[in-house]
Every structure is written in C-alpha cells, then in structure tokens.
Amino acid sequence: MDLFLARSLSMCFLLQSVVFLVLCFHSASMCPKGCMCSHVSSLNVSCSNANLKEIPKDLPPETALLYLDSNQIRSVPNEIFKDLHQLKVLNLSKNVIESIEEQAFKGVADTLQTLDLSNNKIKSVHKDTFSKLKGRAQFSDNPWHCDCSLQQALHGMPSNHEVASNIICETAALKEHTGKSLISAANEADLCNLSKKTTDVAMLVTMFGWFTMVISYVVYYVRQNQEDARRHLEYLKSLPSKQRKPEESDDISTVL
C-alpha cells in the first residue's frame, strides 16, 4: 500500500512538472521576437528596450502585463490589442508615439487597469480614444495641444482630474493657456465653447462691417444729391436774365 501511494505521488509530481514545462514552452514559443515572457499567476510579456519600431502583432492572447516602454514605437493602430482580453497593465512610455487611432484600445477597455503613455510625442487624440477606459492613466511629458478634443477625450475617464492636472499644454487654443496644466485651462475657460465664441465674434464683426457700408452709402448718396442740386442751382443762375412772372420768382425763391 505504501509503495502504491509513493508511486502515485511520484506520478502526480511528474505530471505537474510536465504540465508546467508545457505551459512554459507554449508561452516561450508564442513570445514575440525581442521580448521575454514569464508566467507566474498571469502572463507577463516584457518588450522593454527591444528597439521595436511598432507594436508586435503576435502577442500571446493570455497576456496580462505588457511592457513596451523604451522603444521607438511611433503609433498605436486601431484594434492592435483586441485579442488581449486579459490585459491589465499596458506600459507604452518612453517611445516616440505621435498618433493614437480612435479604436486603439478596443477590446481591452474593460480589463485595462493601468495605461502609461508618458514621455512620448503625443499632441492630440480623437475625442473618443479613451472614452471607454476604466483604469488609471498617465499622460504626462507629452507636447499636448490643449483644445476641445483633448478635454472631451479625458471627460469620461474615472481619474480625469488627476490625468488633466499632469498634462501641461505646450500649445493651446488660447495662447494664455500655454504652459499651464489642462485642468487649469479648463477651469479658466470651456475649451469646447471657444469655437462658438469665435463664430459669434466673427458674425458681429461681419454685421458691423455691413452696417458701416450701408451708412457710408447713405452718406455718399445724400452728399451726391446735394452736390447735384448745387450744380443745378448754379446752372440756373448762369442763365441770361429774363423777365419773370412774380409767381415764377416766388417758386424759385422757395426752391432756393
């Protein structure tokens, strides 16, 4: 009985070892080139400092932690993470990212707990890019242009005040907001009403211009008529004198 139990335990340990090796081999075989994959409680894929020019398309579907920091990635395409349904942490910091497409985080918005896009070259994003994200985000150290789209992009995020306070406007819709944090700029003026105000001002300027033109035309018309009347009177005076009837003289006097 003891021998049977000992053999059963040995077989159990052997089976566990085989399963562990299979899992490790499976993860390693699916690991993108230049990355390191480790599996403890969840799959950790580390592609830091791998000189990547773009986000790998062959990421393991069970990836939970993904580190793509310190590379040369320039953009985040639409649906690039759509198959990573267990993704919790995404680090894209210290790249040269300039553009993030509208559907870039489709498929991971519900599971993603941490998103790091700091230290990149992002100036602007579509207003719906981060609309469904529920986790915390870090967007500092980017050359942001603070405008309505950026304000709308952060509006629905759970930690939008914290994120906005870490965003410094390198350029802005209003020049006086340059160098300030986005939250300060948004507190001073609703960035989404600036275009409406600009339109209203333009309309007022246009109306004033038309009004000025009308007044100028009226003044010109009156002066021109006065000049014509003066010339006509001078012409009448230059005519040879004739004996006029008293009634005619009275009529001319009345006109004068």
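Biologist: In which loop is the place of D141?

Modeller: The model is predicted, so local features need pLDDT of at least 70 and side-chain atom pairs count only at pLDDT 80 or more, while totals for chains, interfaces and linings use all residues. Residues are numbered from 1 along each chain as its sequence is written, and side-chain values use heavy atoms, with hydrogens and water left out. Strands are DSSP runs of E of at least two residues and helices are runs of H or I of at least four, numbered from the N terminus. D141 is in the loop between β8 (136–138) and β9 (144–146).

Biologist: Is D141 buried or exposed?

Modeller: Buried means under 20% relative accessible area, exposed over 50%, and partly exposed in between, with a 1.4 Å probe and protein chains only. The relative accessible area of D141 is 54%, so D141 is exposed.

Biologist: What is the phi of S70 near?

Modeller: Most residues other than glycine have a negative phi. S70 is not a glycine, yet its phi is positive. It sits in the loop between β3 (63–67) and β4 (75–76). The phi of S70 is near 60 degrees.

Biologist: Is S118 buried or exposed?

Modeller: S118 lies in the loop between β7 (114–116) and β8. Contact means heavy atoms within 4.5 Å, and beyond its neighbours within four places in sequence, the contacts of S118 include S93, Q138 and F139. Its relative accessibility is 7%, so S118 counts as buried.

Biologist: In which helix is the place of Y217?

Modeller: With a relative accessible area of 54%, Y217 is exposed. Its place is in helix α5 (residues 194–238).
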